[in-house]
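Visitor: I would like to learn how to read a fold step by step. Could you take me through one?
Guide: Gladly. Let us look at it together.

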Amino acid sequence: MIGQAVEASREVMAPQVVVLDVCYRTMKNYNYLVVDRASREAVIVDPAWELDKIEGAIAAAQAHLAGILLTHSHYDHVHLSKALAERHDCPIWMSKLEVAVSGFSAPQLVEIEQSPWSVGELRIEPIPTPGHTPGSTCFRIGGNLFTGDVLFAEGCGLCPDVPAAHQMFASLETLKARIGPDTRVFPGHSYGQPPGRLMSELRRDNIYLQFTNPDSFAAFRLRRGQDRARLFDFR
Ligand SMILES: [Fe+2]
């Protein structure tokens, strides 16, 4: 019995995910504060637009911001990263490749590749998923996957050309192979569905996860007539 109790106490508690919807004019993003329940050490994903809201969430969670995860370099995903890194004296993590192609720089920048690392009891696993940008990266933390502009509940991120769309197809195949059905998916934007849907639901409902051929996928991803209002209207 004592052995069992010790074993139970070693179990890592599921991280707390605080969902923040932030906006600036027509730009609407989701930021995620991920908190280790034991130590209150926390990371934030793609912080943008509303500094007071983010600081309020950190304070309300009684968390210590230990670092900033950037899925890619687009402005609506990195906007507040430098300000927060300075205020909290913490690192900004972005993929080495994304840094190279974007020129993103910051005094606190730490370039990452594929090796996982830990913040408190949070194990952060970067998964390279190019396509939307060459260095786009998803982050798995426990049973949660933070996908930036790679995978949305309703679709996937824009790709500039056929080679990028082929990369996106391969990235989605990677996620299909590596991410379990019970993992919750937290994208950078919503087009109607709430963040945190299960991977099994996306596997069933997301049309971009149904393709089996990279050329068919690329032709559909790059099809004509996709204006902003109809991006996720497949009728
Ligand atoms: Fe983007």
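Visitor: How many bridges join strand 8 to strand 9, and do they run parallel or antiparallel?
Guide: First, a word on the source. This is a predicted model, in which local features need pLDDT of at least 70 and side-chain atom pairs count only at pLDDT 80 or more, while totals for chains, interfaces and linings use all residues. Residues are numbered from 1 along each chain as its sequence is written. Now the general idea: strands of a sheet pair through backbone hydrogen bonds, either parallel or antiparallel. Two strands count as paired if DSSP finds at least two bridges between them, and strands (E, at least two residues) and helices (H or I, at least four) are DSSP runs numbered from the N terminus. Here, strand 8 (residues 122–128) and strand 9 run antiparallel, joined by 5 bridges. Ile 124 stands opposite Ile 141 in strand 9.

Visitor: What lies opposite Ile 141 in strand 10?
Guide: Asn 144 does. Strand 9 and strand 10 (residues 144–148) are antiparallel too, with 3 bridges. Their hairpin has 2 residues between the strands, and Gly 142 takes a positive phi near 60° there.

Visitor: How many residues of strand 9 are buried?
Guide: A residue is buried if 20 or more other C-beta atoms lie within 10 Å of its own, exposed if 12 or fewer, and partly exposed in between, with C-beta atoms placed from the backbone. In strand 9 (residues 137–141), 5 of the 5 residues are buried, so the strand is largely enclosed by the rest of the structure. Thr 137, Phe 139 and Ile 141 point one way, Cys 138 and Arg 140 the other.

Visitor: In what order do the strands of the open sheet lie?
Guide: The order is 1-2-3-4-5-6, for 6 strands with mixed pairing. Strand 1 (16–24) and strand 6 (109–112) are the edges, each pairing on one side only. On average, neighbouring strands are turned by 25° against each other, direction ignored; axes are lines fitted to C-alpha atoms, for helices over the stretch in contact, and angles run from 0 to 180 degrees between N-to-C directions.

Visitor: Which pairs show the two senses of pairing?
Guide: Strand 1 and strand 2 are antiparallel over 9 bridges, and Val 22 has Asn 29 as its bridge partner in strand 2. These two strands form a hairpin with 2 residues between them, where Arg 25 in the turn has a positive phi of about 50°. Strand 5 (residues 92–95) and strand 6, by contrast, are parallel over 4 bridges, with Ser 95 opposite Ile 112 in strand 6.

Visitor: Which strands does helix 2 lie across?
Guide: Helix 2 (residues 51–60) lies across strand 1, strand 2 (27–35), strand 3 (41–45) and strand 4 (64–69), at about 165° to strand 1. Helix 4 (residues 81–88) lies across strand 3, strand 4 and strand 5, at about 150° to strand 4.

Visitor: Which residues of helix 2 are buried?
Guide: An α-helix has 3.6 residues a turn, so residues three or four places apart point the same way. In helix 2 the buried residues are Ile 54, Ala 57 and Ile 58. Seen down the axis, they fall within an arc of 100° (taken over the directions from the helix axis to the C-beta atoms), so they line one face of the helix. The face turned away carries the exposed residues Asp 52, Gly 56, Ala 59 and Ala 60.

Visitor: What covers the buried residues of helix 2?
Guide: The cover includes strand 1, strand 2, strand 3, strand 4 and helix 4.

Visitor: Which residues have the most contacts inside the largest nonpolar core?
Guide: A nonpolar core is a set of buried Ala, Val, Leu, Ile, Met, Phe, Trp, Tyr and Cys residues joined through C-beta atoms within 7 Å. The largest has 57 residues, and Leu 33, Ala 42, Val 43, Ile 44 and Ile 68 have the most contacts inside it. Helix 6 (residues 162–178) gives the most to this core, with 6 residues.

Visitor: How confident is the predictor, going by the mean pLDDT?
Guide: pLDDT is the predictor's confidence in each residue, from 0 to 100. The chain has a mean of 94, and 91% of its residues reach 70 or more.

Conventions:
Contact = placed C-beta atoms within 7 Å.
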